Amino acid sequence: LFGRPDMAPMIFTRAILADEEIRVFNRGDMWRDFTYIDDIVSGVLASLEKPPANDPPHRLYNLGNHQSENLMDFIAALEGALGKKAKLRLEPMQQPVRAALRSACRPAPGPCCGPCPGRCRACARPAPDRAG
């Protein structure tokens, strides 16, 4: 696994291996996008190829996967990969949030420069082959 140490993949992996509890908010009814770093790099490079015409040039992009994954399915995948069952502490939502469902790859309105790694609502490009 690669990623920031303060993100779910690393926190959950560390906890499973150490036989520690994982606090799972909203009793596991959560969905999140997981993104390949190659997709982010491609998106940044694509945005540089077609800079906006504004002065100064600027535009906001939310780069990421276009398909959210269920948190409990993600934990089950970690358990399978690690060969070890997670100790879960199912808790209510930590604090009110606007949405328990998040999805990236929603560029600002206007012509898309093509940074979306998946079948994005804005550009409808097919996802790159991840095999190999």
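How many aromatic pairs does the structure hold? The structure holds 1 aromatic pair, where rings of Phe, Tyr and Trp (its six-membered ring) count as paired if their centres lie within 6.5 Å. The partners are Phe12 and Phe74, and their arrangement is tilted, with 6.3 Å from centre to centre and 45° between the planes. For such pairs, planes under 30 degrees apart count as stacked, over 60 as edge-to-face and the rest as tilted.

The model is predicted, so local features need pLDDT of at least 70 and side-chain atom pairs count only at pLDDT 80 or more, while totals for chains, interfaces and linings use all residues. Residues are numbered from 1 along each chain as its sequence is written, and side-chain values use heavy atoms, with hydrogens and water left out.

The overall layout comes next. The protein chain has 3 helices and 4 strands, and along the sequence these follow the pattern α-β-β-α-β-α-β. Helices (H or I, at least four residues) and strands (E, at least two) are DSSP runs, numbered from the N terminus. Of the 132 residues in the protein chain, 28% are buried. Here buried means under 20% relative accessible area, exposed means over 50%, and partly exposed lies in between, with a 1.4 Å probe and protein chains only.

Phe12 sits in helix H1 and Phe74 in helix H3, so the pair links distant parts of the chain, 62 residues apart. Phe12 counts as buried because its relative accessibility is 9%, and Phe74 is buried too, because its relative accessible area is 15%.

Glu79 counts as buried because its relative accessibility is 13%.

Another buried residue is Asn70, with a relative accessible area of 13%, found in strand E3 (residues 69-70). The side chain of Asn70 reaches two backbone nitrogens: that of Met72 at 2.8 Å and that of Asp73 at 3.1 Å. These are polar contacts, meaning pairs of N or O atoms within 3.5 Å; within protein, one atom must be able to donate a hydrogen and the other to accept it, and residues adjacent in sequence count only if both atoms are side-chain atoms.

In the loop between E1 and strand E2 (31-32) lies Asn26, which has a positive phi of about 55° although it is not a glycine. Arg27 lies in the loop between E1 and E2 as well, and its phi is positive at about 50°, although Arg27 is not a glycine either. Is Arg27 buried or exposed? At 53% relative accessibility, Arg27 counts as exposed, whereas Asn26, at 22%, counts as partly exposed.

The loop between helix H2 (37-49) and E3 holds His66, which is partly exposed, with a relative accessible area of 28%. The C-alpha atoms of His66 and Thr35 are separated by 9.0 Å, and the residues are 31 residues apart along the chain. Pro56 is found in the loop between H2 and E3 too; a cis peptide bond, with omega about -5°, joins Asp55 to Pro56.

Finally, the second largest pocket has a volume of about 160 Å³. A pocket is an open set of points on a 1 Å grid over the protein atoms alone, where a 1.4 Å probe fits, with protein on both sides within 12 Å along at least five of seven lines; lining residues have an atom within 4 Å of a point. Gly43, Val44, Ser47, Leu48, Pro51, Pro52, Arg59, Tyr61 and Leu63 line this pocket, and by class they are 6 nonpolar, 2 polar and 1 charged residues.

How values were computed. Grid points are joined across faces, edges and corners, and a volume is the space filled by probe spheres set on the points. Ala, Val, Leu, Ile, Met, Phe, Trp, Tyr, Cys and Pro count as nonpolar, Asp, Glu, Lys and Arg as charged, and the others, Gly among them, as polar.
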